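Please open the structure in your viewer and keep the selection panel at hand. The stops below each begin with something to select and then say what is found there.

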Amino acid sequence: MTTLTPQKPAIPQPGGDITPAPEPRPAQDPAWRELVDAVRQAGQYPTRSEAESVTRIVLSALGGHVVGDKRVDLARALPEEAARVVASQIPATRPLTAAEFVDSVAARIEGATPATARWDVSSVLSVLPPLVGDELVTRILNQLPPGYALLFGRAELTPAA
């Protein structure tokens, strides 16, 4: 059986050589690029690609743990690409502690340790408050188990006994 596959257009080169045309890249939302650049700067990632990968992984993990109106509000406040990543997640069956959340992110990143995953998570989550607003972050933190505030770059305040 013969399978037909579309051919990429060829680009003639000087000297008669022909190379395939490069894959088209989808146009990126400038707000998504700004988010990834902020994560790259916060996490001191050497490449934009690495920062983008970490951003997607952390936002997808977060998307499973922020539910209801807060998830909808978070998606609305984020750049379109980030909103898709958050909104496409199936809600978690049980809330994870902050440490378990970091461990779940470590499991998604090749070669990550709990320490490097904590860095990655904080690099992404700490850039969200200026982007989505402190009020929304506070509402999200009120929904999550204790311990997440530090990941968002906030002090973890507990009531006095």
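Helices (H or I, at least four residues) and strands (E, at least two) are taken here as DSSP runs, numbered from the N terminus. The model is a predicted one, in which local features need pLDDT of at least 70 and side-chain atom pairs count only at pLDDT 80 or more, while totals for chains, interfaces and linings use all residues. Residues are numbered from 1 along each chain as its sequence is written, and side-chain values use heavy atoms, with hydrogens and water left out.

**The whole chain**

Begin with everything selected and coloured by secondary structure: the chain has nine helices and two strands, and from the N terminus on the order of the elements is β-β-α-α-α-α-α-α-α-α-α. If buried is taken as under 20% relative accessible area, exposed as over 50% and partly exposed as in between (1.4 Å probe, protein chains only), then 36% of the 161 residues count as buried. The accessible surface, from the Shrake-Rupley method with a 1.4 Å probe, where for residues only the protein chains shown count as cover, comes to about 9900 Å², and 57% of this belongs to carbon and sulfur atoms. With contact meaning heavy atoms within 4.5 Å, 58% of the contacts between residues at least 6 apart in sequence join residues at least 24 apart.

**Helix H4 and Glu81**

Next select helix H4, residues 80–87, where Glu81, Ala82, Ala83, Val85 and Val86 are buried.

Setting aside residues up to four places away in sequence, Glu81 touches Trp32 and Arg56.

**Where H2 crosses H6**

Now select H2 together with helix H6 (residues 114–125). Axes are lines fitted to C-alpha atoms, for helices over the stretch in contact, and angles run from 0 to 180 degrees between N-to-C directions; the two axes come within 9 Å and cross at roughly 85°. Angles under 35 degrees count as roughly parallel, over 145 as roughly antiparallel, 65 to 115 as roughly perpendicular and the rest as oblique, so H2 is roughly perpendicular to H6. Val54, Thr55, Val58, Leu59 and Leu62 of H2 make this contact with Asp120, Val121, Val124 and Leu125 of H6.

Which residues does Leu125 touch, leaving aside its neighbours within four places in sequence? They are Val58, Leu62, Phe101, Leu151 and Phe152. Leu125 counts as buried because its relative accessibility is 0%, and its C-alpha atom is separated by 8.6 Å from that of Val39, 86 residues apart along the chain.

Val127 and Ala38 are 89 residues apart in sequence and 6.6 Å apart in space, C-alpha to C-alpha.

**The aromatic pair**

Rings of Phe, Tyr and Trp (its six-membered ring) pair if their centres lie within 6.5 Å, and planes under 30 degrees apart count as stacked, over 60 as edge-to-face and the rest as tilted. The count by this rule is one aromatic pair: select Phe101 and Tyr148, whose ring centres are 5.4 Å apart with planes at 55°, so the pair is tilted. This pair links distant parts of the chain, with Phe101 in helix H5 (residues 98–108) and Tyr148 in helix H9 (residues 148–151), 47 residues apart. Both residues, Phe101 and Tyr148, are buried.

**Two loop residues**

Select His65 in the loop between H2 and H3, which is buried with a relative accessible area of 14%. Apart from neighbours within four places in sequence, His65 is in contact with Ala92, Arg94, Pro95, Leu96, Phe101, Gln143 and Leu144.

Finish at Gln44, in the loop between H1 and H2, which is exposed with a relative accessible area of 65%. Most residues other than glycine have a negative phi. For Gln44, phi is near 55°, a positive value in a residue other than glycine.
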